[in-house]
Amino acid sequence: MTKKDRILRLIDHYSGGNKSEFARMLGVSPQAINTWISRNTFDADVIYANCENLSGDWLLTGEGEMLRNIGREKETTGDNDRKSDTSVFLDRIAMQAEEIGRLKARIAELERRGN
């Protein structure tokens, strides 16, 4: 599932398909939402912070269920369900940041060799 698909599903779920309402909910401009859709990208931090019960895994990967099963999670994880989901989310961001760093270093190395 592309990021554009995920944004459109979020808009449908959280604002009944109204992009302006979704933008207001997130605290961004409607133009930002349109830009995210057209560029197939989004600000995961802003979305995750403002969309109640949203699964961080789904937001990042598009896999699994969009919403966390709150009742079941509270039975198994207690009241720290949001913290554990946030922890997974932050771990993935850290791994992606490391990969970006490695790729930037590789690009710099290749550019040096080309000169």
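This is a predicted model: local features need pLDDT of at least 70, side-chain atom pairs count only at pLDDT 80 or more; totals for chains, interfaces and linings use all residues.
Local features need pLDDT of at least 70, side-chain atom pairs count only at pLDDT 80 or more, and totals for chains, interfaces and linings use all residues. Residues are numbered from 1 along each chain as its sequence is written, and side-chain values use heavy atoms, without hydrogens and water.

Helix α1 spans residues 3-15. Its 13 residues reach 18 Å from first C-alpha to last, close to the 18 Å expected at 1.5 Å a residue. That expected span is 1.5 Å times one less than the number of residues. Helices are DSSP runs (H or I, at least four residues), numbered from the N terminus.

Arg6, Ile7, Leu10, Ile11, Tyr14 and Ser15 are the buried residues of α1 (under 20% relative accessible area, 1.4 Å probe, protein chains only). They fall within an arc of 140° seen down the axis, so they line one face of the helix. The arc is taken over directions from the helix axis to the C-beta atoms. Their cover includes α2 (19-26), α3 (30-39), α4 (44-50) and α5 (56-61).

Two packing partners follow. Axes are lines fitted to C-alpha atoms over the stretch in contact, with angles from 0 to 180 degrees between N-to-C directions.

| Pair | Axis distance | Angle |
|---|---|---|
| α1 and α3 | within 8 Å | roughly 140° |
| α1 and α2 | 9 Å | about 85° |

Contact means heavy atoms within 4.5 Å. Lys4, Ile7, Leu8 and Ile11 of α1 touch Ile33, Trp36 and Ile37 of α3. Toward α2, Leu10, Ile11, Tyr14 and Ser15 meet Lys19, Glu21, Phe22 and Met25.

Just after α1, Gly16 takes a positive phi of about 60°.

Note on methods. Helices (H or I, at least four residues) and strands (E, at least two) are DSSP runs, numbered from the N terminus. Buried means under 20% relative accessible area, exposed over 50%, partly exposed in between (1.4 Å probe, protein chains only).
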